Amino acid sequence: MKLLQDITTKVAAFNISRGSQNGEVNRGDRIFRFITASFAALIVLMLGAMALQMLRASAPAIREFGLGFVVSRDWDPVRDLFGALPFIFGTVVSSILALIIAVPISLGIAIYLSELSPSMVRKPLGFIVELLAAIPSVVYGLWGIFVLAPLLRDDIEPGLLPIFGGAARGFDMLAGGLILAIMVLPTITSVSREVMRAVPKTLREGALALGATRFETVYTAVLPTAYSGIIGAVILGLGRALGETMAVTMVIGNRAEISTSILDPAYTMASVIANEYTEATGDLHLAALSEIALLLFAVTVILNIAARLLVWRVKRMPSG
Amino acid sequence: MDSYRRRRYIDKIARGACIVALLLALTPLVSLLIYVASKGLGGISLEFFTELPKPVGELGGGFANAIIGTLVLVGIATAISLPLGVLAGVYLSEFGGSTFTKIVRFSADVMSGVPSIAVGVFIYTLIVVAMRQFSAFAGGLALSIIMLPTITRTTEELIRLVPNSLREAGLALGMPKWRVIVRIVLRTGAPGIVTGVMLAIARAAGETAPLLFTALNNRFWSISLAKPIASLPVQIYTYAVSPFEDWHKQAWTAALVLVVMVLVLNIGARIITYTRGGN
């Protein structure tokens with residue numbers, strides 16, 4: 001009883017000392033809310049600032065080349081001619097190659113970890129797959145230069161020559177695509193797993209009750225329901241692949257040519273920025289590189305928005 | 001009955017294919033870890049941690065400046081992104097629900113997908129051009145942009161797990177909301193926030209692309225914020241693409257140091273959440 005009295009007097013004292021009345025929002029609360037809200041707003045502003053700043057930096061190139069920038073093949077800093085097509089080609093093809101390799105593997109892992117595996121191994125295996133994402137890009141590049149590229153050159157590409165043509169170099173589009181595939185795999189796997197887990201349990205139980213095997217349950221109940229979220233996961237992976245820099249730069253050969261063979265060297269948008277930005281002497285050169293960065297930024301932001309919307313749609317499903 | 005057997009057969013094949021996919025994904029990870037360990041271990045010596053890089057042509061030397069540089073850069077990035085990220089996360093979790101919070105949450109997710117090389121270009125045009133110099137500060141700022149979304153979102157998600165009864169208890173005692181948040185919610189959620197920060201640091205420590213033209217690199221001692229600074233990832237890159245055998249060896253050793261650092265942070269973070277999740 002005494003304790004209760006104590007508390008009541010203390011609360012009263014508290015309220016009086018702060019001068020707050022019933023129903024009135026505390027002044028400290030308003031200030032605190034304002035401070036945290038402005039930091040939150042800062043995140044939105046920063047995205048906008050990035051877009052604006054890169055737009056400003058690339059303005060000279062946009063004025064000079066207009067749309068020709070993305071369709072021209074000439075990249076010649078000496079004559080001040082800048083066309084980004086070879087880099088766009090390299091980025092798009094290496095990323096698509098990466099998806100072709102990574103998507104089936106990621107889906108297999110996601111299905112296994114979310115639906116088929118014994119529950120005991122789920123956590124540790126999931127963690128190990130996520131470790132793939134923790135390894136720094138530059139370490140993948142190092143491994144690519146000294147392990148992957150020689151392996152491709154000596155053992156794998158000679159066998160592929162009759163199909164694709166070109167030469168067995170090891171440093172080429174194939175190497176770039178492979179290393180990207182390794183790097184996007186954990187992203188696609190973990191997001192697909194998340195959306196599969198969001199599929200209502202009742203759907204699985206329904207399929208199983210009708211006599212479906214485990215895999216048929218996945219195929220008829222889980223995958224169709226999670227479909228749009230899985231597409232979102234793939235798009236997120238694509239976004240990562242497009243922007244990935246170091247590892248690709250180290251193995252793709254860095255030659256600004258458009259070749260039909262995946263055994264030829266290529267060059268990506270991120271790589272040309274990494275290689276030339278500090279050495280760009282002309283203003284137009286710097287502006288052209290900034291425009292490539294702006295394009296990458298814009299494309300990845302759009303892809304991310306689309307992907308998040310798709311993933312959210314699945315995850316907001318009523319669970320039961 | 002025949003069709004039933006066929007269906008069971010297909011089920012087995014599908015299961016097998018999934019396991020094969022898992023093994024395929026783990027092959028590069030295992031190969032990479034084995035190579036980094038076997039090629040890197042030989043170079044681990046006191047010299048590696050205490051000496052500066054030697055000029056081209058001379059054998060030996062170490063990565064002391066790059067190790068310190070990485071710590072400085074990550075320190076700057078943490079000092080900037082920690083308060084920003086935690087407060088933004090607090091807002092999302094404690095004052096959530098409005099359209100504005102949805103936009104912020106969405107922006108944070110989108111921001112984590114922005115290519116790190118674009119962040120480098122952004123900081124270059126904004127800071128390096130204005131200061132007329134590559135600097136540790138610019139590099140740290142670039143890394144802080146990479147850490148910010150991770151810290152914000154993990155803070156939000158983990159302090160949301162703080163039971164409402166604790167908040168109510170504080171409010172019932174007459175504490176204003178802001179004190180409840182600072183004294184009770186943040187304190188209870190602290191281990192979770194630490195986890196988020198550790199993961200963000202692990203990611204930032206390995207980033208190379210945003211440092212190439214912000215912090216640049218430096219072959220000498222420097223901890224000045226206004227000067228270019230060395231870092232492990234950039235040094236690994238420079239050494240890996242160099243033509244010198246001795247440099248390649250040192251790149252592997254540096255990679256081992258970096259990978260161990262990143263793995264320790266990741267596994268540590270996992271252990272913190274795991275033990276907390278168990279309770």
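Which residues form a nonpolar patch on the surface, with about 410 Å² of accessible area together? They are I68(B), L71(B), W221(B) and I223(B). This is a predicted model, in which local features need pLDDT of at least 70, side-chain atom pairs count only at pLDDT 80 or more, and totals for chains, interfaces and linings use all residues. Residues are numbered from 1 along each chain as its sequence is written, chains are lettered from A and ligands numbered from 1 in the order in which they are written, and side-chain values use heavy atoms, with hydrogens and water left out.

**Chain B as a whole**
- Chain B has 10 helices and zero strands (DSSP runs numbered from the N terminus: helices are H or I with at least four residues, strands are E with at least two).
- The C-alpha atoms of chain B fill a box of roughly 70 × 70 × 35 Å along the principal axes.
- Of its 279 residues, 56% count as buried (buried means under 20% relative accessible area, exposed over 50%, partly exposed in between, with a 1.4 Å probe and protein chains only).
- Chain B exposes about 12100 Å², and carbon and sulfur atoms supply 68% of this area (Shrake-Rupley method with a 1.4 Å probe; for residues, only the protein chains shown count as cover).

**Parts of chain B**
- W221(B), a member of the nonpolar patch, lies in the loop between α8 (177-205) and α9 (232-240) of chain B.
- W221(B) is partly exposed, at a relative accessible area of 48%.
- Eight of the nine residues of α9(B) are buried, so this helix is largely enclosed by the rest of the structure.
- Among the buried residues of α9(B) are L232(B), P233(B) and Y239(B).

**Helix α9 of chain A**
- Helix α9 of chain A (residues 214-243) spans only 37 Å between its end C-alpha atoms, while a straight helix of 30 residues would span 44 Å at 1.5 Å a residue (the expected span is 1.5 Å times one less than the number of residues).
- α9(A) has a kink of about 65 degrees centred on Y227(A) (the bend is the angle between axes fitted to the seven residues ending at a residue and the seven starting there).

- V103(A) lies in helix α4 (residues 85-116) of chain A and is buried, with a relative accessible area of 18%.
- V103(A) touches I188(A) and V234(A), not counting residues up to four places away in sequence (contact means heavy atoms within 4.5 Å).
- A134(A), in helix α5 (residues 119-134) of chain A, is buried at 14% relative accessibility.
- Leaving aside neighbours within four places in sequence, A134(A) is in contact with V262(B) and N266(B).

Conventions:
Patch = residues over 30% accessible without salt bridge, like charges linked within 9 Å, V, L, I, M, F, W, Y side chains within 5 Å. Salt bridge = Lys/Arg side-chain N within 4 Å of Asp/Glu carboxyl O.
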